[in-house]
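Me: I have a structure open and would like to go through it slowly. Can we start with the basic terms?

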Amino acid sequence: MNLSRRDFLNLCKSSSVAAGLSAVDLIRLEELFAGTSAPTVYWLQGSGCTGCSVSFLNYIAPSAPTTAAEVLIQNVNLAFHTTVMDVSGQSAVSIVDGASKQRRGYILVVEGGVPLGFNGNACLAWSKDGKDVTFKDAVTVLASRASKIICVGSCASWGGVGAAAPNPSGIVGVQQATRKRTINIAGCPPHPDWIVWGIAKALVGSVGTLDQYGRPTRLFNRTVHDACPRREREEAHTYGQDGYCLEELGCLGPQTRAACPSTGWNNHANWCVDANSLCIGCTEPSFPASPLRGAGEREDD
Amino acid sequence: MGTISYTPTSVVLDPVSRVEGHLKVEVTVDQNAVTDARITGTMFRGIEKILANRTPLDAPDITQRICGVCPVSHALAASETLENAAGFTPPANARIMRNLVLGANFLQSHVLHFYVLSALDYVDGPAMPPWQPSWSGGKRLKGDTATKLVNNYVAALDIRRKCHEMGAIFGGRLPHPPTFVPGGFTTTPRKERIDLFKKYLAEVSTFIRDVYIPDVNLVGSVYSDYLKVGAGYGNLLAYGVFDQNDSGTDKLLKRGASYRGSAPVPTVDTKAITERVTYSWYASQSDNRNPTSGDTTPQFPKTDAYSWLKAPRYNSEPCEVGPLARMWVNGDYQHGISVMDRHLSRAEEASKVAAAMANWVGELNPTAPVYRQYSVPVSGSGVGLTEAPRGALGHWINISGGMTANYQIITPTCWNASPMDERKQCGPIEKALIGTPVDNINEPIEVVRVIHSFDPCLSCAVHVMRPSGEARVFTLAF
């Protein structure tokens with residue numbers, strides 16, 4: 001089977017929503033590939049649920065790249081991702097072993113947190129020479145030579161749900177585990193637009209400024225409440241009613257920085273607040289708060 | 001034949017790619033066939049421990065994060081567990097919207113499984129990473145047929161995305177929908193949402209009929225020898241799913257069990273579910289317990305143990321769970337039990353679920369309630385039995401002082417990927433691997449075909465942890 005990159009790209013057509021990539025960004029991406037100088041991307045999965053990869057596959061936009069398939073074909077040289085790659089075992093491990101030979105550097109994408117408990121044995125990356133390689137050791141080695149490290153999701157960024165009390169396996173984020181600066185595309189999961197934007201921007205240059213939690217301010221500059229169409233509306237006192245502000249039910253929109261009100265979810269099919277549910281603050285380091293839906297128990301009103 | 005002597009060879013595949021989560025398999029191959037197999041999951045998070053001492057109301061949101069491929073099943077199981085503890089029945093609209101979002105995710109997961117997770121076992125993907133390098137040996141689909149299947153792989157990526165868009169219309173977003181709450185559902189079934197859902201469902205249903213099922217049949221005919229590979233025990237267990245009345249007595253996919261090909265028994269007695277730890281790194285006090293009184297006391301090292309996965313058994317039998325078990329118990333698919341039967345029954349289940357969804361969406365009442373006030377009982381216990389796309393899923397809770405005292409989850413992959421029990425009966429995937437022919441031990445693609453047919457989800461197997469080779473005592477924070 002020898003379908004070329006261009007042939008395959010021609011198969012990938014679709015429509016809708018903006019990724020926020022400029023025409024200049026796209027030209028630069030195309031140039032990278034035309035010159036075969038596109039940096040390699042390694043996508044490692046640690047202690048997580050694969051939900052961020054699933055969210056990435058939900059990517060859809062009106063202009064190139066329009067789909068996840070197109071991102072993989074045209075914009076990213078994704079050498080390693082265990083959920084989609086063909087080979088297993090030693091054949092797979094030898095791909096990441098090749099990272100040290102990447103002359104132009106590479107981008108490391110990490111999904112899932114890094115367990116430090118049990119000497120790292122709560123999450124194993126692979127076996128090499130008959131020995132288990134912990135995820136902690138794998139991510140540390142690959143991070144040391146990466147030109148950029150992108151954390152996709154709250155687990156890789158700072159631990160996420162697995163790190164909630166009592167943090168049974170001692171999970172921390174990639175920056176804490178490796179002491180290397182990371183770009184944190186937060187969310188549980190992050191919106192696919194944010195993931196593609198982060199990776200594309202990192203490939204062509206810079207994601208711009210980061211906030212105190214390592215999140216690109218371009219994506220995480222406003223709170224959900226700030227841009228919420230239900231702001232200033234009458235308060236809901238129960239679930240299942242359209243149009244009301246959900247703050248009294250425990251909506252965490254006022255203290256959660258995310259672009260959900262403008263990006264919506266799943267090709268604008270819906271989003272948490274429009275579904276009369278609450279923002280549960282999944283882009284914040286404090287996620288998951290206890291209680292998660294603390295109706296009437298918060299003090300910040 | 002002559003007197004050539006063979007030396008059994010052991011090969012470790014770690015990681016096994018195209019599964020959800022972290023999976024390692026070690027097989028012994030003798031005379032070109034697998035003679036022994038050990039399955040080990042390689043991630044432990046302890047989600048159940050995180051649930052303890054929180055309000056039970058957090059369970060639907062937290063348990064979804066066990067798995068990004070089947071979060072809807074966990075959200076549903078947790079909601080039903082809490083409602084069971086309170087003797088609460090949610091409004092009909094909630095039951096129907098839960099079915100529709102779960103159905104959308106079943107379709108998403110089944111399409112993802114066949115094309116993204118399994119197809120590369122039978123055909124080479126595009127000539128670029130991440131589809132290259134590949135294990136090309138043994139891929140019998142070539143030329144135009146191969147091109148067509150790869151084209152459909154791309155179309156399937158689009159369709160599975162649309163399945164999630166369809167589910168998000170009511171679910172709020174996918175993965176990890178925020179709309180499943182004890183007491184019902186949060187979204188209102190407005191007419192424009194119903195209409196949009198129908199539009200998506202029509203497109204997805206057409207794909208299942210015209211592309212997915214023909215492709216599975218194509219692979220099944222080219223690899224008809226895989227109708228004889230990977231049979232396993234033939235013990236099939238299904239909790240059932242998709243309630244079609246408020247009492248839950250009428251399910252689209254019925255509850256039941258079948259032993260070694262016998263006629264299905266239409267009930268499941270949860271008291272007959274126990275978890276064995278003879279070959280797991282847990283102390284004898286954890287052995288042979290029902291999940292309502294589950295115990296997880298680690299013991300490492302431990303003679304003969306090789307897994308941190310416990311071994312769930314039903315009436316002391318290892319059981320396969322998943323679409324084949326459901327369709328068999330339901331009387332919809334009883335052609336056989338094998339690698340290819342798992343793919344074929346999964347595709348037929350997708351068709352059955354999609355057809356039922358078209359009826360359910362018509363039963364929504366835009367003006368009726370979706371939620372009724374739910375209060376957590378001060379004390380009590382509850383159980384929620386449902387199905388994930390990859391098999392039977394059970395949640396159990398004990399509530400004390402209005403807080404979660406103990407939460408236990410037995411996931412489908414705990415059943416399928418379990419280790420041996422005290423009778424030396426190995427787990428269902430291990431059993432299915434034994435006898436599998438292997439042509440090239442360096443690229444044992446036949447082994448991953450068997451594993452992939454079960455659609456394992458290792459993030460779900462939360463008990464699992466594997467220590468390093470050195471003897472070391474671990475203190476697990478249970």
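Reply: Helices (H or I, at least four residues) and strands (E, at least two) are DSSP runs, numbered from the N terminus. This is a predicted model, in which local features need pLDDT of at least 70 and side-chain atom pairs count only at pLDDT 80 or more, while totals for chains, interfaces and linings use all residues. Residues are numbered from 1 along each chain as its sequence is written, chains are lettered from A and ligands numbered from 1 in the order in which they are written, and side-chain values use heavy atoms, with hydrogens and water left out.

Me: OK. Where is B:Pro133, then?

Reply: B:Pro133 sits in the loop between helix H4 (92–118) and helix H5 (143–171) of chain B.

Me: How much of chain B is buried?

Reply: Buried residues are 67% of the 478 in chain B. Buried means under 20% relative accessible area, exposed over 50%, and partly exposed in between (1.4 Å probe, protein chains only).

Me: What is phi at B:His176, and is that residue buried or exposed?

Reply: Phi of B:His176 is positive, about 65 degrees, although the residue is not a glycine. B:His176 is buried, at 2% relative accessible area, and belongs to the loop between H5 and strand S4 (180–181) of chain B.

Me: What about A:Asn119?

Reply: A:Asn119 also has a positive phi, near 55 degrees, and is a residue other than glycine. A:Asn119 is exposed, with a relative accessible area of 55%. Its place is the loop between strand S4 (114–115) and strand S5 (124–128) of chain A.

Me: New topic: how many salt bridges are there over all chains?

Reply: The search of the whole structure finds 36. A salt bridge here is a side-chain nitrogen of Lys or Arg within 4 Å of a carboxyl oxygen of Asp or Glu.

Me: Which residue pairs with B:Glu317?

Reply: B:Arg260, in a salt bridge of 3.0 Å from N to O. The two are 57 residues apart: B:Glu317 is in the loop between strand S11 (311–314) and helix H7 (323–329), and B:Arg260 in the loop between strand S9 (256–258) and strand S10 (273–276), in chain B. B:Glu317 counts as buried at 16% relative accessibility, whereas B:Arg260 is partly exposed at 49%.

Me: And which residue forms a salt bridge with B:Asp455?

Reply: B:Arg390, with the closest N and O atoms 3.1 Å apart. B:Asp455 lies in the segment after helix H11 (445–453) of chain B and B:Arg390 in the loop between strand S12 (380–388) and strand S13 (391–400), so the pair ties together parts 65 residues apart in sequence. Both B:Asp455 and B:Arg390 are buried.

Me: Which residues form a network?

Reply: B:Asp158, B:Arg161, B:Lys162, B:Glu165 and B:Glu203 are joined into one network by salt bridges that share partners.
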